[in-house]
Amino acid sequence: MRSALYGTDGGSGSAYSSAGGSGAGGFYRRPEGPAGHFRTSVHTSPLFAAAVARLLCRVDEALGRPGTLDFVDMAAGRGELVTGVLAALPADVAARTRAYAVEIAGRPEGLAPRITWLSEPPQQVTGLLFANEWLDNVPVEVAEVDPEGVPRLVLVRDDGTERLGEPLSGAEAEWLARWWPLPAEEGLRAEIGLPRDLAWASAVSCVARGLAVAVDYGHTADARPPFGTLTGFREGRETAPVPDGSCDITAHVALDACAAAGADAPGPAPLLTQRAALRALGVTGARPPLALAGTDPAAYVRALAGAGEAAELTAPGGLGGFAWLLRPAGIANPLPREPA
């Protein structure tokens, strides 16, 4: 998974840029970028970046409006989110914002010079670190129960052919026992989320004061998928997760395990649905009043299109079902804990 996504020498151990290394090749180094194969909330509507900008403003207020406010876009793709956030900020906040894009691919042409392009996040962040669909691409091992009821590693060739390897042991076996215990039933599967836990804890540790947010599709202990979630995406369609560099390879995130990661974490981290989070940030999907069509038809059409985009971002069975994992540092949580 690591070499297919980030290149054949992608084993440097970096937890960032979707856990990439420094080598050439790999799906996430392709010139078309992730947007050439799948849409995230960022690509769905500029309303998403505007909502993140409003969240950054809330963090700014909670921090007492510091002279320099950091915004870190983790797994930044081609810089779409950080560009949209800067454009949506009030002028006074934008003037104080120091923007970073963290990504394994090279800096795209035309990106605003004020955006710093990094392969790892800055170590002292005062502001908002935002990771949209990052953790699902941090590479994981897959375990499958053999005929004797023993969980074993799943080994895979470049063409997608699989076979079972050694029984799980060490930290991976401990993680599985705690977070995703598998009954002794042949064929059951789990994705071992330990690398995601470590990556998230490391990213959170960079935030000296402010807020870290991870947005992803995931699951918790009360509803683990019995056969795992590993899959691929190519040119907008789901496909077999063949690790040859031709497609995205992704798996849902055990978000409760990530939330508990970090020995210094002050209690459980809040989890919200994207629907609740975006509604709290003003993205409601409400249709404009019909009377507007009579007084300003063009404004009505624009508002109606915006309502459609907001509805897609907050749809319970779609993007609205994504989870937002929040970890405040030195400030109160700026989003409500209860669903909006």
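Tutor: Buried means under 20% relative accessible area, exposed over 50%, and partly exposed in between (1.4 Å probe, protein chains only). The model is predicted, so local features need pLDDT of at least 70 and side-chain atom pairs count only at pLDDT 80 or more, while totals for chains, interfaces and linings use all residues. Residues are numbered from 1 along each chain as its sequence is written, and side-chain values use heavy atoms, with hydrogens and water left out.

Phe130 is buried, at a relative accessible area of 0%. Phe48 is also buried, with 0% relative accessibility. Rings of Phe, Tyr and Trp (its six-membered ring) pair if their centres lie within 6.5 Å; planes under 30 degrees apart count as stacked, over 60 as edge-to-face and the rest as tilted. The whole structure has four aromatic pairs. One of them joins Phe48 and Phe130, edge-to-face, at 6.1 Å centre to centre and 70° between the planes. Phe48 is in helix H3 and Phe130 in strand S4, 82 residues apart. Helices (H or I, at least four residues) and strands (E, at least two) are DSSP runs, numbered from the N terminus.

Phe130 also pairs with Trp324: the ring centres are 5.4 Å apart and the planes at 75°, so this pair is edge-to-face. Phe130 lies in strand S4 and Trp324 in strand S16 (residues 323–329), so the pair ties together parts that are 194 residues apart in sequence. Both Phe130 and Trp324 are buried.

A nonpolar core is a set of buried Ala, Val, Leu, Ile, Met, Phe, Trp, Tyr and Cys residues joined through side-chain atoms within 4.5 Å. The largest such core has 47 residues, and Phe130 and Trp324 touch the most other members. Helix H3 (residues 46–62) gives this core its largest share, nine residues.

Helix H3 also packs against H4, at an angle of about 65° and with the axes 8 Å apart. Axes are lines fitted to C-alpha atoms, for helices over the stretch in contact, and angles run from 0 to 180 degrees between N-to-C directions. Phe48 is among the H3 residues that meet H4, where Leu81, Gly84, Val85 and Ala88 take part. Contact here means heavy atoms within 4.5 Å.
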